[in-house]
Amino acid sequence: MSELSPKNQPPAEDAESEPRPGRVRKPIGWSTIIIAALVAVSAALVWRRDGTDGVLDILTHDLSLFGGILPRVLAGCLLGAFISEILPHEKVSRSLGPKSGLKGLLIGTAFGAILPGGPFTAYPVASALLAVGADFGATIAMVVSWTLIGYGRAVAWEIPIMGTDFTLWRIVISLPLPVLAGALGRFVYVRLYPKRDSDEDAA
Amino acid sequence: MSAALLIDMLLWGSVFGVGLIAFRRGPPVFKASLREGSMDFINIVPRIALGVIGSGYIAAIIPQEVITGWLGADSGWLGVATAVVAGAATPGGPVIGFSIGTVALKSGGGVPQVVAYVVAWALFAFQRVILWEIPFMPARFVWFRCAVSVPFPFLAAAIAMVIGKP
């Protein structure tokens, strides 16, 4: 990592004084409405086919699933919040920003691969990275890496259900994909939003 | 020790690790991020509740044979393309996605098609995108990420065709 900046490394105080660009929290978006409609229609169809017992069976099963997931969601949200607070913006935009090159994509890939937890961790953390200066390319590499070569889902679900051979083989095939996806994302992004890119450079 | 427990320990270990770093930056930093994280949690819970409690119903009405029938070994690139659509359209969580993949493999599905299915499901299963990714990430990023991910299940299938079976 080059240390050519003439000024001294600024202390972490900027993390305190400057509120991080907050996420827009939509109360109820269209995605929620679509899912709610899908769930209502499906539940009605299940009720017609299997009666009240069928509906209750699924409800109790999913309620216990929900109870199990809830603490992990909290952990994911806290992880995302802490990470976006403690990562130095300047360093992140240097090592994961638009100018970070292949190294940035590799860092994003490595980060996605070692990140513990499920979607409740990956998306809050990815969102935090975007907020502190990672570009779309590196963040795409991270998300794709988490979903394709991350060990969390593979260990918890894929190996028990699909078997170790298939899973390891599938992961080997997937190894190059995060970097390629990130590179493609970066390639398309600078052509799609040339202005935004220069804004980010200036910031 | 179960894998899930191990992953939970890693997860909470990471939370405590980064929390400790934040705390050493000073209590205001720690408190601000704690509040931020808790607010995210409170905002996200209703959507998670809807998705998790509802996904069982969505999965219950989609017959799995419809999806597995598309992934035959002789289906070639058309089969790969259908596998990608099927992966994106599969409702429910990982149990359903991987079970469908296993059923397809056991009932004569082609390996490249099943790989394309599993990779497409991992990249853009609609329910995960709508339920998890959009609430947490800027929508513009999510659509962009999905669009540039489209070639990759095909690429995975091509690699599977070249290097052969597991």
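Me: How much of chain A is made up of buried residues?
Reply: Buried residues account for 44% of the 203 residues in chain A. Keep in mind that this is a predicted model.

Me: OK. How many helices and strands are there in chain A?
Reply: Chain A has 10 helices and zero strands. Reading from the N terminus, the elements go α-α-α-α-α-α-α-α-α-α.

Me: And of the contacts in chain A between residues at least 6 apart in sequence, what share joins residues at least 24 apart?
Reply: That share is 80%, counted among contacts between residues at least 6 apart.

Me: What span should its 13 residues have, and how far apart are the end C-alpha atoms?
Reply: Helix α5 of chain A covers residues 119–131, and at 1.5 Å a residue it should span 18 Å. Its end C-alpha atoms are 18 Å apart, so the two agree.

Me: What follows α5(A)?
Reply: G133(A) comes after α5(A), and its phi is positive, near 120 degrees.

Me: Can we zoom in on A128(A)? Buried or exposed, and why?
Reply: A128(A), which sits in helix α5 of chain A, counts as buried because it has 27 C-beta neighbours inside 10 Å.

Me: Which residues does A128(A) touch?
Reply: Leaving out residues up to four places away in sequence, A128(A) touches G80(A), I83(A) and S84(A).

Me: And how far is A128(A) from W30(A)?
Reply: Their C-alpha atoms are separated by 23 Å, and the two residues are 98 apart along the chain.

Me: Back to the helices. At what angle do α5(A) and α6(A) cross?
Reply: They cross at roughly 170 degrees, and their axes come within 10 Å. The pair is therefore roughly antiparallel, since angles over 145 degrees count that way.

Me: Which residues meet there?
Reply: From α5(A) there are A122(A), A126(A), L129(A) and L130(A), and they meet T139(A), M142(A), V143(A) and W146(A) of α6(A). By class, this contact has seven nonpolar residues, one polar and no charged.

Me: How many residues of α6(A) are buried?
Reply: 14 of the 14 are buried, so α6(A) is largely enclosed by the rest of the structure. From first C-alpha to last, α6(A) reaches 19 Å, close to the 20 Å expected at 1.5 Å a residue.

Me: How do α9(A) and α8(B) pack?
Reply: Helix α9 (residues 177–192) of chain A packs against helix α8 (residues 139–149) of chain B at an angle of about 115 degrees, with the axes 9 Å apart. The crossing of α9(A) past α8(B) is right-handed.

Me: Which residues make that contact?
Reply: On the α9(A) side they are A181(A), L184(A), G185(A) and V188(A), while α8(B) supplies F144(B), R145(B), V148(B) and S149(B). They split into five nonpolar, two polar and one charged.

Technical notes
Residues are numbered from 1 along each chain as its sequence is written. Chains are lettered from A and ligands numbered from 1 in the order in which they are written. This is a predicted model: local features need pLDDT of at least 70, side-chain atom pairs count only at pLDDT 80 or more; totals for chains, interfaces and linings use all residues. Axes are lines fitted to C-alpha atoms, for helices over the stretch in contact, and angles run from 0 to 180 degrees between N-to-C directions. Helices (H or I, at least four residues) and strands (E, at least two) are DSSP runs, numbered from the N terminus. A crossing is left-handed if the near helix is turned anticlockwise from the far one by less than a right angle, and right-handed if clockwise. Two residues are in contact if their C-beta atoms, placed from the backbone, lie within 7 Å. Ala, Val, Leu, Ile, Met, Phe, Trp, Tyr, Cys and Pro count as nonpolar, Asp, Glu, Lys and Arg as charged, and the others, Gly among them, as polar. A residue is buried if 20 or more other C-beta atoms lie within 10 Å of its own, exposed if 12 or fewer, and partly exposed in between; C-beta atoms are placed from the backbone. The expected span of a helix is 1.5 Å times one less than its number of residues. Angles under 35 degrees count as roughly parallel, over 145 as roughly antiparallel, 65 to 115 as roughly perpendicular and the rest as oblique.
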